[in-house]
Amino acid sequence: MTLLDSVIKGLDASTRCASSEVAPTAVLWTDAKSEWLPLMDQLKARLPQLLVLGEYVPDTRTGPAIWLKCAMQGVLPEVEFPKGKTPILYLPGVSRQELRAGTQCPWELQPLVELLYRGAVWAQKNGRDWTVEAMLVSKESPALALDVSGTANTKLSMMASLAVLAITPVWKLEGRRLEAEDFDRLMIGDHPRDLLRWMSNPKEVRAEMDDGKWHAFCNRCREEFGFDPATDGEFVAGEKLGLQETSNWEGLWSRFREAPASYNGVANVLRKAKPHTLAARFDREYWPDENELDEETLRKDLLAFSGVEHGSARTEIAKLEQHHGVRRSWVWAKIGQAPLACALEFLVGLSQRTASHLGGDSIADLEKQYVQGGYLADDFALRALASVKSKADCDAVEAAVRSLYLPWLEHAAMRFQDCVQKESWPNHKSSNRAPTAKAEIGMCILFADGLRYDVAVRLTEFLRQGGYTTEENRRWAALPTVTATAKPAISPIADKLQGRGLPDSFTPEMVEAASSRSDASNQSQDGSATSKPLTHARLQSLLKAEGYQIIAASEVGDPSQPKARGWAETGEIDKRGHDLQIKLASLIAGQVETLADRIVELLDAGWRKVRVITDHGWLLMPGGLPKQELPSFLTEAKWSRCATIKGDSKPNVERHAWYWNPQAEYASASGISCFSAGHCYQHGGVSLQECLVSDIVVSPDVQLSAQSANISKIDWKGLKCRISVEPAASGLFVDLRSKPNDPSTSITNGGKPLDGNGTVTLFVEDEDLEGSVVAAVVCSEAGQVLAKQSTTVGGE
C-alpha cells in the first residue's frame with residue numbers, strides 16, 4: 001500500500017453507493033491549495049476516468065468546467081471516456097465552499113455546481129478537503145494513520161517530496177515520527193526506487209531531475225549496478241535486471257516485486273531487452289513474455305477440455321499444474337498477468353473434490369458427505385470461474401470447469417433424487433426439520449435470497465475472521481425450490497399460510513378468518529373466511545401482526561423496544577444469477593461482503609443476534625445445464641426445473657409433492673436438467689445444491705460481550721472533555737466519535753486509555769465541531785463498543 005493507492009481507494013469508494021441509492025453522476029475532488037496537482041500524471045495513468053479542471057489541453061484530459069461536463073458525458077471526439085466508470089473531476093484551486101456559493105460562485109465554475117447534488121464530493125467526514133497531510137495522518141479510511149510532525153519545515157519537505165512519497169510503501173514510513181529529514185531522504189536516499197522509476201518511464205523521470213541530481217543518479221548506477229543511464233539507456237538496464245548477474249540486481253528485483261504496479265513500464269522494458277540467445281537453463285520468471293507464452297499455451301490446453309471425459313480431464317489438470325503452478329509465485333501473477341495460472345489452483349481443487357462421487361443409500365448419508373467436504377466442489381468451481389475476466393480466458397476456464405464438474409454434479413443429483421424417491425422428504429411440516437425459522441427476543445432475522453450452502457460457508461468464515469461468533473445449522477428447503485414456495489416456508493408466519501390445489505405460481509395463500517383460524521373454508525360469501533395469494537406486502541403485514549419490525553434496506557430497526565424482533569432482507573444473489581447467468585461467479589465475493597456488512601450493521605445497532613436464513617440454493621454450470629424434454633401440452637405452466645401438470649396427464653418425469661399441499665404433485669426435472677435450454681443458472685429442482693440450506697445465527701464474541709462498562713459522567717470545559725467510567729477496568733479506552741461504531745469518525749485522534757481512576761481527558765482540536773452532537777464511547781482492547789452516550793462538543 002502506498003499513498004497513491006490510498007487516494008485511488010478513497011476515490012473509488014466515493015463512486016459506490018448502497019443498493020437502495022442512486023449512483024453518483026460524478027465525484028468532485030476539490031483541492032483549494034492544489035496540493036495534489038503534482039500527482040495528476042501518475043493518477044491519470046491508473047484512473048482513465050479522471051478529468052482535471054484547467055486550461056484547455058484535451059490530450060492530458062484537462063479543460064475548463066464546461067469542457068469537463070461534455071467530456072464526462074462522452075460527447076467529445078477528442079476524449080475517449082471509459083464506459084461504466086463514474087467520472088472523477090479534480091478541481092485544483094477550488095474549494096467546496098466556492099461551489100456551494102451558488103449564484104455567487106465564479107461564473108467559470110457554475111456549470112459544475114449542480115454536480116454537488118447529483119454527484120458526490122470526495123472529502124473527509126468533517127467536510128474538509130483531503131489534504132496531503134490529512135491523508136497521511138488521519139485515522140479515517142482510506143488515510144494511512146502515520147505519525148507526522150506538524151512543523152512548518154516538515155510540511156514543506158513533505159510537499160517537496162510528494163511525487164516520491166506517493167509511491168513509497170507505507171511500511172517504510174511506519175513505526176516512527178516523520179520529520180523533515182525523513183521526507184528529504186526520500187528524494188535522495190532511495191536509489192533503487194529511482195532506478196525502477198527511470199526504467200519504467202525514462203523521459204519523465206529525467207525531466208524531473210535537475211542536472212545535479214541526474215549526475216548523482218548516473219554515478220550511483222555506474223558504481224552499484226555497472227551501467228550508465230546516460231549512455232547505455234533503459235534496455236541495457238532491463239537486460240541486466242532480467243539476467244540477475246549480481247546481488248545488486250537481485251536486490252532491485254526484490255524491490256520491484258514489492259510494488260510492481262508502481263513501475264508499470266518495467267515489464268515492457270524487459271520484453272524489449274531480452275537477449276535473443278540465452279543459456280539453455282535460464283530463469284524464465286524474470287521475463288514477462290515467457291509468462292505470456294505460458295498463459296497462451298495454458299489457454300489452448302484448457303479450451304481443449306471441451307468434450308473431454310472426466311477421468312482424462314483430471315489427469316490433464318494434474319499435468320498442467322506441474323508446469324504452470326509455479327507461476328502463481330511470479331511477480332506477473334501479482335499484477336494480474338497470470339489469471340489462468342491462478343485459476344488453475346481452483347481447477348486442481350475441483351479436480352480433487354470430484355475424483356469420487358458422493359455415495360450413500362440415504363438422504364442423511366448424502367447430507368453428511370456433502371457438508372464434510374462435498375460442497376467444496378461447488379466452491380472451487382465458483383472460484384475458478386471468478387478468477388478470469390477476458391472472454392478468451394473465461395471460455396478456457398469454463399470448458400475445464402464443465403468437463404470436471406458436470407459429471408460429478410449430475411451423479412450427485414441423480415443419487416439424491418433416488419434417495420428422495422425412497423424416503424419421505426425430511427422437511428414436512430410435522431418434522432423436527434421443518435424449514436420455518438422464528439426469532440427470539442432481541443434477534444433480527446435477515447433473509448438472503450439464494451444463499452447457497454457453499455456461499456454460506458464463505459460468509460461464516462468471513463464473519464469469524466471479523467471476530468464474530470456463528471452458530472450454523474442446516475435445513476431442507478421446501479419443494480419446489482423456488483422463492484414463491486420456499487421463502488414463505490422459511491418465514492416465521494408459515495403457520496398462517498396454506499396451499500390449495502397447485503397454482504401455476506407455486507404460491508401459498510394467506511387465510512383471513514372472520515372469527516378464528518378454524519373457520520377458514522374459503523367461503524367468502526358468508527363472511528366466514530377469505531383466502532388470498534401471498535404477496536410481498538401481505539408477507540410483511542403478517543410479520544407485523546406477529547410482532548416483527550419490518551426493517552428497510554437503509555434502516556436498522558429499534559432493538560431497544562420491548563420484545564423486539566426484526567425482519568430484514570438483503571443480497572441479490574438470486575436476482576443477479578437470473579440476470580447474469582454464468583457471470584454470477586465473479587460477483588459472489590462482493591455479495592458475501594455485502595451480507596457481512598449488513599449483519600455487522602444490525603449487530604452494531606444493538607440487535608443481540610442476527611439469524612441469516614435463505615429459501616433455496618441453485619445450480620451453476622458453464623455451457624448450460626442439460627435439457628430434458630417435457631411437451632408443453634402436458635403442462636399448465638413450465639418453469640425451468642419444475643412444472644405444473646395439466647389435468648390427468650402423465651408425463652414421463654419425476655413427481656414430487658408440493659410443500660404447501662402434499663396431495664398435489666408437480667413435475668420435476670431429472671438430475672441437473674432443465675425443461676428449457678440456455679440456462680447456466682437455475683433452481684427449482686431437487687439436488688443438494690438447491691435443497692440443503694444454511695441457518696446461521698451471528699452474535700458478537702462471547703468473551704468480549706462479557707465485558708461491561710458505564711459512562712458515569714461527562715464534563716466539558718471549552719473543547720476539553722473529561723469522562724468518568726465505571727468500573728475502572730484496565731484495558732479500556734474512551735473516544736469521541738461522530739458514529740459510535742466507526743473508529744474512523746473519531747474527533748480526538750483515536751481516543752485515549754482510561755487512567756487508574758477510571759477517567760480520561762480528551763481534546764477536540766477542530767473548533768468547527770463545537771456545538772455538534774457526537775458519541776462518547778468506551779471500547780475494549782479489541783475495539784468493541786461496551787458503552788456509549790451522546791454529548792454536545794463544548795457542552796450543552
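Guide: Strand 22 and strand 25 run antiparallel and are joined by five bridges; two strands are said to pair if DSSP finds at least two bridges between them. Helices and strands are DSSP runs numbered from the N terminus, a helix (H or I) having at least four residues and a strand (E) at least two. The model is a predicted one, in which local features need pLDDT of at least 70 and side-chain atom pairs count only at pLDDT 80 or more, while totals for chains, interfaces and linings use all residues. Residues are numbered from 1 along each chain as its sequence is written, and side-chain values use heavy atoms, with hydrogens and water left out.

Within this pairing, Ser724 has Thr759 of strand 25 as its bridge partner. Strands of a sheet pair through backbone hydrogen bonds, in either the parallel or the antiparallel sense. The two strands belong to an open sheet of three strands, arranged in the order 21-22-25 with antiparallel pairing. From one strand to the next, the twist averages 20°, the angles being taken between N-to-C directions on a scale from 0 to 180 degrees, with axes as lines fitted to C-alpha atoms, for helices over the stretch in contact.

Pro727 is placed in the loop between strand 22 (720-726) and strand 23 (733-737). The loop between strand 23 and strand 24 (752-753) contains Asn749, a residue other than glycine with a positive phi, near 60°.

With a relative accessible area of 26%, Ser34 is partly exposed; buried means under 20%, exposed over 50% and partly exposed in between, with a 1.4 Å probe and protein chains only.

Another antiparallel pairing is that of strand 17 (residues 654-658) with strand 18 (residues 661-668), over five bridges. These strands form a hairpin with two residues between them, and in it Arg655 stands opposite Ala667 in strand 18.

Turning to the helices, the axes of helix 23 (residues 453-465) and helix 27 (residues 588-604) come within 10 Å and cross at roughly 50°. Helix 23 is therefore oblique to helix 27, given that angles under 35 degrees count as roughly parallel, over 145 as roughly antiparallel, 65 to 115 as roughly perpendicular and the rest as oblique. The crossing is right-handed, that is, the near helix is turned clockwise from the far one by less than a right angle, anticlockwise being left-handed. Helix 23 contributes Val455, Arg458, Leu459, Phe462 and Leu463, which meet Ile588, Ala589, Val592, Glu593, Leu595, Ala596 and Ile599 of helix 27; contact means heavy atoms within 4.5 Å. By class, the contact of helix 23 with helix 27 holds ten nonpolar, no polar and two charged residues. Here Ala, Val, Leu, Ile, Met, Phe, Trp, Tyr, Cys and Pro count as nonpolar, Asp, Glu, Lys and Arg as charged, and the others, Gly among them, as polar.

A further packing involves helix 10 (residues 191-200) and helix 15 (residues 247-258), whose axes are 10 Å apart at an angle of about 75°. Helix 10 and helix 15 are therefore roughly perpendicular to each other. Pro192, Arg193, Leu195, Leu196 and Met199 of helix 10 make the contact with Trp249, Leu252, Arg255 and Phe256 of helix 15. The classes in the contact of helix 10 with helix 15 are seven nonpolar, no polar and two charged residues.

For the chain as a whole, there are 29 helices and 27 strands, and 52% of the 796 residues count as buried. Taken along the principal axes, the C-alpha atoms fill a box of roughly 95 × 80 × 55 Å. Of the contacts with a separation of 6 or more, 68% are between residues 24 or more positions apart.
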